[in-house]
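Here is a short briefing for a first look. Start with the structure itself, then read the points by topic.

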Amino acid sequence: MAKTALHVDHVARVEGHGNIHVVIEDGRVKTCEMNVTEPARLFESMVRGRVFDDVPYVASRVCGICSSSHVITSLKAIESIFGVQVSDRTNALRELLAYGSYLQNHATHLFVFAAPDFLGMGSVFPLAEIDRGLYDKALALKALGNELCTEVGGRSVHPITAVVGGFTHEPPRETFLALADKLDEAVAFAVSAVDLFKSFEVPDIRMSGDFLAMQDDGRYPVCDSDEALFVRSGKRFDAADVENVIEEYEMSHSGALFARCRDTQDAYMTGALARVNASWSNLCHTAKVAAAKVGLRPPERNPYMNNVAQAVELVDVLEHCARLCRELAAGEGNLSASSAPVPYQVRAGVGVGFTEAPRGALFHRLELDEEGRVVTASILTPTAQNLASMEADMRAVVEKLVDEGCSADAIRLEVEKLVRAYDPCFSCSVH
């Protein structure tokens, strides 16, 4: 009996620690596992018993890149309990804060983690020697994300100005206008990144599961909708019902819980590709043109195309945020209202916050007592939701490459590329 075991201990160029374990016997895939080896980080336990306004600051420490998304998601959960309605200006500032982390994450993932896979490099450092201009522009894009988060959130990570009901501070008009100019200047490079990542060859596979993304007809939403959509099935649900729609379950080989749809037991993918599939028509003009030029249109089901979808989102983020910064600077119409925290009354209850973090759908569920202290907390991160889909796609890739007679080294490399295309954060997944 011919048996081949492929092991990748500590997958490189991802956040956190995870191993790949594949066994092939007589040309058939017997085992295909994504082993998350991170220990439990217990953030839900850390916030239990704490007063509500501690939660966003604690939760932001779940992730250094997605900290803005965790803050906003926690705030939305708290505000749903207290019945708080924030101003349009507050929502706009939260959108800028969330999108700042998109620039941070996507630029890092695409050029530092993913690009070396397709350029025959073991890391990003040879890229700096071969194409210094590309390297510098990629880092500048990441730095622009840092600047956007700093100006709006007070820090480049773990923002401090976003609070229940609004913001304690916002940038002056001149800063918004300066940011808008910088964002506009970066669009051309982002468009070139779409072309670059579409030029890379990837296996032709189709994921069998669904896609999950925030839905808001007429917009490309990231933090101001409570409606979620399973793209392929067309099923919509309110974020407050997430525990009735999505279930987490244990896998003996993983330190992280996996997730699936309760009614179908199917895996699903969340992230940039899910968002583009759900809201392609609502992309900004330049992003839509860039996506159409490279053939990225819904329904796109090749998970490797998540890289291209992230590049398209970079274009969308830059164009959208430049416009939003100018609108905030003008302060007209719905954006003329203050972003200062609105009054609220502390009360007991259960609330769910929902945002689109850079890596995908993020849910926070909080239960508070009459004093506003946390009774229970639950965090459902994008990577935890993606693990089941990732394993299924790994198996599909291996089966395809085995049928094509590829070597063990070639199979191992393509599986690593697939895992990195999902842009996992294994540290964030262990809750």
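Just after helix 3, Gly83 takes a positive phi of about 70 degrees. Helices (H or I, at least four residues) and strands (E, at least two) are DSSP runs, numbered from the N terminus. This is a predicted model, in which local features need pLDDT of at least 70, side-chain atom pairs count only at pLDDT 80 or more, and totals for chains, interfaces and linings use all residues. Residues are numbered from 1 along each chain as its sequence is written, and side-chain values use heavy atoms, with hydrogens and water left out.

**Helix 3**
- Helix 3 covers residues 67-82, and its 16 residues should span 22 Å at 1.5 Å a residue. The expected span is 1.5 Å times one less than the number of residues.
- The end C-alpha atoms of helix 3 are 23 Å apart, which agrees.
- Of its 16 residues, 15 are buried, so helix 3 is largely enclosed by the rest of the structure. Buried means under 20% relative accessible area, exposed over 50%, partly exposed in between (1.4 Å probe, protein chains only).

- Three strands form an open sheet in the order 12-13-14, with antiparallel pairing. Two strands pair if DSSP finds at least two bridges between them.
- Strand 12 (349-357) and strand 14 (374-380) stand at the edges with a single partner strand each, so one side of each has no neighbour in the sheet.
- Neighbouring strands of this sheet are turned by 15 degrees against each other on average, direction ignored.
- Six bridges join strand 13 (residues 360-368) to strand 14 in the antiparallel sense. Leu368 stands opposite Val374 in strand 14.
- Helix 12 (residues 382-403) lies across strand 12, strand 13 and strand 14, running at about 125 degrees to strand 13. Axes are lines fitted to C-alpha atoms, for helices over the stretch in contact (heavy atoms within 4.5 Å). Angles run from 0 to 180 degrees between N-to-C directions.

**Cysteines**
- The whole structure holds zero disulfides, a disulfide being a pair of cysteine sulfur atoms within 2.5 Å.
- Cys32 is in no disulfide; the nearest cysteine sulfur, that of Cys406, is 15 Å away. Cys32 is buried, at 6% relative accessible area.
- The sulfur of Cys66 lies 3.8 Å from that of Cys63, too far for a bond. Cys66 is buried at 5% relative accessibility.

**Ser339**
- Ser339 is in the loop between helix 11 (306-330) and strand 12. Ser339 counts as buried, at 5% relative accessibility.
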